[in-house]
Amino acid sequence: MDQAKETRGSQHIEQLMQQLSPDSERYQVLATARQFKSSWVELGEWLARVSSSKRFAEWGFATFDDYCTGEIRIRRQTAEKLLLAYRFLESREHGLLERRVQRPLPDYRSIDLLRQADEGEQFSMTEYSELRQAVVAEERRHPAIARQFRDLVHKHQPELQEEHRHRNALTAAKRLSTCLHDISDVPQDMLNGVARLIEFLQGKHSEREIKGQEPGNS
């Protein structure tokens, strides 16, 4: 389901709820469905509170990360994105928080990319505005936002684009190798060729990792 359909669905729920008694079972089901569509915002808000107050220590966790992974069972990276996305909305896009009852908010991952663009010194105001337009106004799905953000990064850091291409090629080559080994009549020289290609791409990847660790490249 795309973002436009989700928005229409949320508006439909709101219209139905206005016609029902809050005490009715049907209303409660609709309210739960609406809440689910924006649940990441509520979770981000709670995470912000727990992180700021350090209540997790009272609950037996040494760190906030331990609390997230041990108690609410979400990955550290996910918790960080939720937390940062909510704080970004709170500080820079408070209007989105105010509209969350009427309309579903953008994917938290898209909001986090918007935050990164806002904080990144390499992005121009025009580039940030275009990304914000895609996230907030046009409500594009996250894969499209991720591609737009990646294109902006590659524009300013071409070396990352080359790295991305090599990484994709390595993944594709490994996948091809696995598929070919399942086919009995593939000539051995072809299998060896794919193996050499994988070795080549892995070598390039290792070279970039070593270069990135050299003084002045951190």
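Helices here are DSSP runs of H or I at least four residues long, strands are runs of E of at least two, and both are numbered from the N terminus.

This is a predicted model, so to speak of local features a pLDDT of at least 70 is needed, side-chain atom pairs count only at pLDDT 80 or more, and totals for chains, interfaces and linings use all residues. Residue numbers start from 1 along each chain as its sequence is written, and side-chain values use heavy atoms, with hydrogens and water left out.

View 1. Read along the sequence, the pattern is α-α-α-α-α-α-α-α-α-α-α-α. Of the 218 residues, 35% count as buried (under 20% relative accessible area; exposed is over 50%, partly exposed in between, with a 1.4 Å probe and protein chains only). Contacts are heavy atoms within 4.5 Å, and among those with a separation of 6 or more, 56% link residues 24 or more positions apart. The chain exposes about 14,100 Å², with carbon and sulfur atoms supplying 49% of that (Shrake-Rupley method, 1.4 Å probe; for residues, only the protein chains shown count as cover).

**View 2. Helix 6 and what covers it.**
Helix 6 takes in residues 76–92, 17 residues in all. From first C-alpha to last it reaches 24 Å, close to the 24 Å expected at 1.5 Å a residue (the expected span is 1.5 Å times one less than the number of residues). Its buried residues are Thr78, Ala79, Leu82, Leu83, Ala85, Tyr86, Phe88 and Leu89. Covering them are, among others, helix 3 (39–53), helix 5 (64–70), helix 7 (94–99), helix 8 (108–119) and helix 9.

**View 3. Glu127 meets His156.**
Zoom in on helix 9 (residues 125–137) and you'll find Glu127. Glu127 counts as buried because its relative accessibility is 6%. Its side chain makes a polar contact of 2.9 Å with the side chain of His156. A polar contact is a pair of N or O atoms within 3.5 Å; within protein, one must be able to donate a hydrogen and the other to accept it, and residues adjacent in sequence count only if both atoms are side-chain atoms. Skipping neighbours within four places in sequence, Glu127 touches Gln122, Leu152, Lys155 and His156.

**View 4. Ala146 and Ser110, C-alpha to C-alpha.**
Ala146 sits in helix 10 (residues 142–156). At 21% relative accessibility, Ala146 counts as partly exposed. Ser110 is 36 residues away in sequence, yet the two C-alphas are 7.1 Å apart in space.

Lys54 counts as exposed because its relative accessibility is 52%. Glu139 is buried, with a relative accessible area of 9%.

**View 5. Cys68 and Cys179.**
Cys68 has 0% relative accessibility and therefore counts as buried. Cys179, at 45%, counts as partly exposed. With a disulfide taken as a pair of cysteine sulfur atoms within 2.5 Å, the count comes to zero.

**View 6. Confidence, and the stretch 213–218.**
The chain averages a pLDDT of 82, and 84% of the residues score at least 70. Residues 213–218 fall below 50, and this stretch has three contacts in the model beyond near neighbours in sequence. For reference, pLDDT is the predictor's confidence in each residue, from 0 to 100.
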